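Colleague: I would like a close look at one part of this model. Please stay local, and give the cut-offs as you go.

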Amino acid sequence: MAGTGVFAELVDGDGVFKYFSSGEWKKSSSGKSVPIINPTTRQPHFKVQACTQEEVNKLIEEAKTAQKSWAKTPLWKRAELLHKAAALLKEHKVPIAECLVKEIAKPAKDAATEAVRSGDLVSYCAEEGVRVLGEGKFMVSDSFPGNERTKYCLTAKIPLGVILAIPPFNYPVNLAVSKIAPALIAGNSIVLKPPTQGAVAALHMVHCFHLAGFPKGLISCVTGRGSEIGDFLTMHPMVNCIRKQSNDLVELYLHCPDVLICGLNIFCCCFTGGDTGIAISKKAGMIPLQMELGGKDACIILDDADLDLAAANIVKGGFSYRREKSLYESFHFDFSGQRCTAVKVVLVMESVANALVEKVKVKVAKLTVGLPEDDSDITPVVTESSANFIEGLVVDAKQKGATFCQEYRREGNLIWPLLLDNVRPDMRIAWEEPFGPVLPVIRITSVEEGIHHCNASNFGLQGCVFTRDISKAILISDAMETGTVQINSAPARGPDHFPFQGLKDSGIGSQGITNSINMMTKIKTTVINLPTPSYTMG
Ligand SMILES: NC(=O)C1=CN([C@@H]2O[C@H](COP(=O)(O)OP(=O)(O)OC[C@H]3O[C@@H](n4cnc5c(N)ncnc54)[C@H](OP(=O)(O)O)[C@@H]3O)[C@@H](O)[C@H]2O)C=CC1
Ligand SMILES: O=C(O)[C@H](O)COP(=O)(O)O
């Protein structure tokens with residue numbers, strides 16, 4: 001059970017989950033806590049510490065110190081500890097899953113799968129890190145005109161320093177470890193700010209890393225509302241120092257010599273979430289950023305498509321449906337539409353639209369709606385405000401004449417799956433991301449019209465195209481302004497070692513295990529200058 005057994009030390013005497021700093025579980029000096037509302041009951045279920053800015057300062061300082069020794073820890077040892085953490089995550093999948101069910105209403109089996117998938121991600125990262133970071137590059141000078149072979153250039157990947165990781169509510173464990181594991185294997189330290197909904201699952205995950213034996217101060221986890229401590233974290237004075245250092249180096253040196261020391265410790269922010277990410281990017285200044293943000297993933301259906309395949313993928317990608325081919329025990333492809341990679345708009349050729357919509361309707365009718373504890377396909381959305389936002393999109397579509405394929409139904413945060421046909425571009429749902437089980441269908445008369453709608457979006461995460469003509473599929477994929485296009489399948493981030501990136505407002509940088517490891521390093525070169533040219537075997 002959550003907060004018991006090996007996790008008992010996470011809870012204080014008042015039943016509030018502690019935060020993690022200096023290798024210990026601590027109560028905040030604020031004396032305040034933040035309630036976590038169960039999306040199903042809409043009642044407080046857990047409480048976490050509302051950390052203070054002083055506590056944030058302290059753990060960032062510790063992260064700086066811990067990182068220096070961690071960077072000197074052999075790569076194989078870093079990997080060994082990550083493998084231990086991975087095993088612990090899998091061993092403790094039951095309490096972690098319990099938290100996910102209560103905090104974000106993730107269906108029970110999928111919640112357990114999130115813990116297992118996270119363990120697999122950490123292990124793969126350890127293995128990949130050993131390969132990617134275990135070798136560098138060797139260059140010689142005579143390949144560039146005007147040079148003899150007098151310079152040998154050695155290139156290595158070195159850590160960035162302290163990584164700030166901010167995951168979203170829909171994968172509070174998996175999208176945390178997708179940042180933590182690459183950061184650690186590359187020799188960085190981690191400050192984690194979990195989403196409030198999902199914070200307790202994330203604290204359990206952090207404890208698995210603690211039990212694995214990572215050094216004190218290397219990983220810390222600070223809790224509190226993003227709106228209260230988020231800006232403080234992302235705009236921490238040390239971060240501003242880096243920017244100011246380059247703007248006004250002399251003045252800073254004279255007035256605050258320490259600033260230069262701060263400035264040497266590069267700070268990086270790795271974020272998954274919504275518009276908050278865009279706001280952070282604008283404020284962050286000259287720090288490396290990895291941002292995984294929203295999406296309005298389009299699904300383009302051509303008239304030669306396998307409509308059964310397309311309908312199955314629309315339902316699994318837009319609402320929720322078990323991923324039959326997964327080797328995991330259970331894997332809903334979606335989570336009541338609460339995935340950045342969910343299918344968020346169907347663009348179907350008019351000639352096959354009636355047939356497609358009928359097939360989708362039949363499948364939607366089979367989805368189970370109810371409690372996450374019962375492993376229902378559709379469960380309550382994360383917050384009441386999220387449910388209200390989704391309802392606003394539905395009301396707008398109704399007023400503007402969309403065809404409702406099912407009756408709109410909502411109880412509390414639980415929204416029944418709804419397919420909206422004949423959606424037009426003047427409706428909000430054509431462009432906005434519901435992050436819930438409501439899916440618009442726009443009928444198109446040409447492929448160009450579909451591509452145009454997709455590219456007119458401010459998002460550019462993923463998209464998909466269904467056709468039996470692979471050449472057409474490639475041409476459409478090339479024309480779609482998105483980070484990934486899936487041919488004949490719904491969008492998805494995984495498998496977790498594939499590159500994953502958003503264009504436009506959907507993100508900065510590319511993720512996926514290898515890309516994330518690379519992103520959490522910088523290049524360092526050492527040039528050996530020889531007194532005379534040297535040619536091997538010459
Ligand atoms: N591309 C992707 O993979 C994903 C994208 N999303 C996008 O996110 C949206 C909703 O997800 P949600 O989790 O609510 O996203 P948010 O952007 O609201 O929150 C994401 C994270 O940011 C934190 N946060 C909030 N305010 C600040 C701040 N000022 N500074 C720093 N951190 C802050 C949140 O903490 P707290 O919870 O405490 O507020 C949470 O940990 C969706 O509409 C979707 O667009 C979501 C999931 C995945
Ligand atoms: O946050 C999200 O929604 C994801 O990064 C999508 O991951 P998935 O495609 O594996 O569900």
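How many bridges join strand S7 (residues 162-166) to S8, and do the two run parallel or antiparallel? Start there, then move on to what else you find worth a look.

Modeller: Four bridges join S7 to S8, and the two strands run parallel. First, the ground rules. This is a predicted model, in which local features need pLDDT of at least 70, side-chain atom pairs count only at pLDDT 80 or more, and totals for chains, interfaces and linings use all residues. Residues are numbered from 1 along each chain as its sequence is written, chains are lettered from A and ligands numbered from 1 in the order in which they are written, and side-chain values use heavy atoms, with hydrogens and water left out.

Helices (H or I, at least four residues) and strands (E, at least two) are DSSP runs, numbered from the N terminus. Two strands pair if DSSP finds at least two bridges between them.

Alanine 165 has leucine 192 in S8 as its bridge partner. Right-handed means that, with the strands pointing away from the viewer, the path from the first strand over the helix to the second runs clockwise.

S8 covers residues 189-192. Ser189 and Val191 point one way, Ile190 and Leu192 the other. In a regular strand the side chains alternate between the two faces of the sheet. All four of these S8 residues are buried, meaning under 20% relative accessible area, with exposed set at over 50% and partly exposed in between (1.4 Å probe, protein chains only).

S8 also pairs with strand S9 (residues 219-221), in the parallel sense, over three bridges. Here isoleucine 190 stands opposite isoleucine 219 in S9. The chain gets from S8 to S9 through helix H6 (residues 199-212), and this β-α-β crossover is right-handed too.

Next, the rings. The structure holds six aromatic pairs. Rings of Phe, Tyr and Trp (its six-membered ring) pair if their centres lie within 6.5 Å; planes under 30 degrees apart count as stacked, over 60 as edge-to-face and the rest as tilted. One of the pairs joins phenylalanine 17 and phenylalanine 46, edge-to-face, at 5.5 Å centre to centre with 85 degrees between the planes. Phenylalanine 17 lies in the segment before strand S1 (19-21) and phenylalanine 46 in strand S4 (residues 44-49), so the pair ties together parts 29 residues apart in sequence. Phenylalanine 17 is buried at 4% relative accessibility, and phenylalanine 46 is buried at 10%.

Phenylalanine 20 and tryptophan 25 have ring centres 4.7 Å apart and planes at 45 degrees, so that pair is tilted. Phenylalanine 20 is buried, with a relative accessible area of 3%. Tryptophan 25 is buried at 8%. Elsewhere, ring pairs link Trp70, Phe209 and Phe214 into a cluster.

Charges meet a ring at tyrosine 171. The charged end of lysine 106 sits over this ring, 4.0 Å from its centre. Arginine 493 lies over the face of tyrosine 171 at 4.8 Å from the ring centre. The test is NZ of Lys or CZ of Arg within 6 Å of the ring centre and within 35 degrees of the ring normal.

Last, a site from the record. UniProt places an "active site" feature (unreviewed entry) at Glu292. UniProt positions are given in the numbering used here, feature names are shortened, and annotations may be inferred rather than shown by experiment. Glutamate 292 is found in strand S11 (residues 289-292). Glutamate 292 is buried, with a relative accessible area of 2%.
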